[in-house]
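The sequence and the structure are shown first.

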Amino acid sequence: EENKGFKLIMHNFNHERWALAVMSNRYARICLEESIVYARSRKTFGKRLADHQVIAHKIADMARQVECTHAWIEQITYRMKHGAAERDIGGPIALLKVQATRVMEFCAREASQILGGNSYLREGKGEVVERLYREVRVNAIGGGSEEILNDLAMRQAKL
């Protein structure tokens, strides 16, 4: 139907952005899991890497951000499933996608710090983190860059 195309495109963007947010948070969780496995197995200065306070704090920060983002995903998913209007859900989904990709970037960076040089190898103990770190920017840009999505959310909020 003529002049209805933009509405259809925006509807598809909402689902795409939601899916990218879910995927990005899952990738962040994988970085967290890989960090935990590595920190438990690697020994430095006579003790496990996980027993060093700075490493434990890095893992705690990663877990906090992943779990908060997961809760937000659950909240928005509930709203989508129960019939939230596309015009009402677009802004929150845009912000969710920004949050999830920033958490992914944070977790990939922190995992890289924990795994050290192993995180730059395409095989071995760091191959998963190395691969996910390369995905950060494509996830952040796909479905709309952070700046565009923040602007969209604020325009919908009538800031």
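## Helix geometry, cores and surface

G116, which has a positive phi near 60°, follows α3. The model is a predicted one, in which local features need pLDDT of at least 70 and side-chain atom pairs count only at pLDDT 80 or more, while totals for chains, interfaces and linings use all residues. Residues are numbered from 1 along each chain as its sequence is written, and side-chain values use heavy atoms, with hydrogens and water left out.

The protein chain contains five helices and two strands, in the order α-β-β-α-α-α-α from the N terminus. Both kinds of element are DSSP runs numbered from the N terminus: helices are H or I with at least four residues, and strands are E with at least two.

Two of the helices can be compared with the expected span, which is 1.5 Å times one less than the number of residues.

| Helix | Residues | Distance between end C-alpha atoms | Expected span |
|---|---|---|---|
| α3 | 30 residues | 42 Å | 44 Å |

Just after α2, G83 also has a positive phi, about 85°.

Of the 159 residues of the protein chain, 40% are buried, that is, under 20% relative accessible area with a 1.4 Å probe, protein chains only. In α2 the buried residues are I55, K58, I59, M62, Q65, V66, T69, I73 and I76.

A nonpolar core is a set of buried Ala, Val, Leu, Ile, Met, Phe, Trp, Tyr and Cys residues joined through side-chain atoms within 4.5 Å. The largest such core has 23 residues, and C31, A39, M62, C107 and I114 touch the most other members. At least two residues of this core come from each of α1 (5-41), α2 (53-81), α3 (86-115) and α4 (127-141); α3 gives the largest share, eight residues. A second, separate core has eight residues, among them W18, I73, I89 and A100.

Beyond its neighbours within four places in sequence, M62 is in contact (heavy atoms within 4.5 Å) with C31, L32, S35, F106, C107, E110, A111 and I114. Across the protein chain, 71% of the contacts between residues at least 6 apart in sequence join residues at least 24 apart.

The C-alpha atoms fill a box of roughly 70 × 25 × 25 Å along the principal axes. The accessible surface, from the Shrake-Rupley method with a 1.4 Å probe, is about 9600 Å², with 55% belonging to carbon and sulfur atoms.

Notes
Buried < 20%, exposed > 50% of the residue type's maximum accessible area, 1.4 Å probe, protein only.
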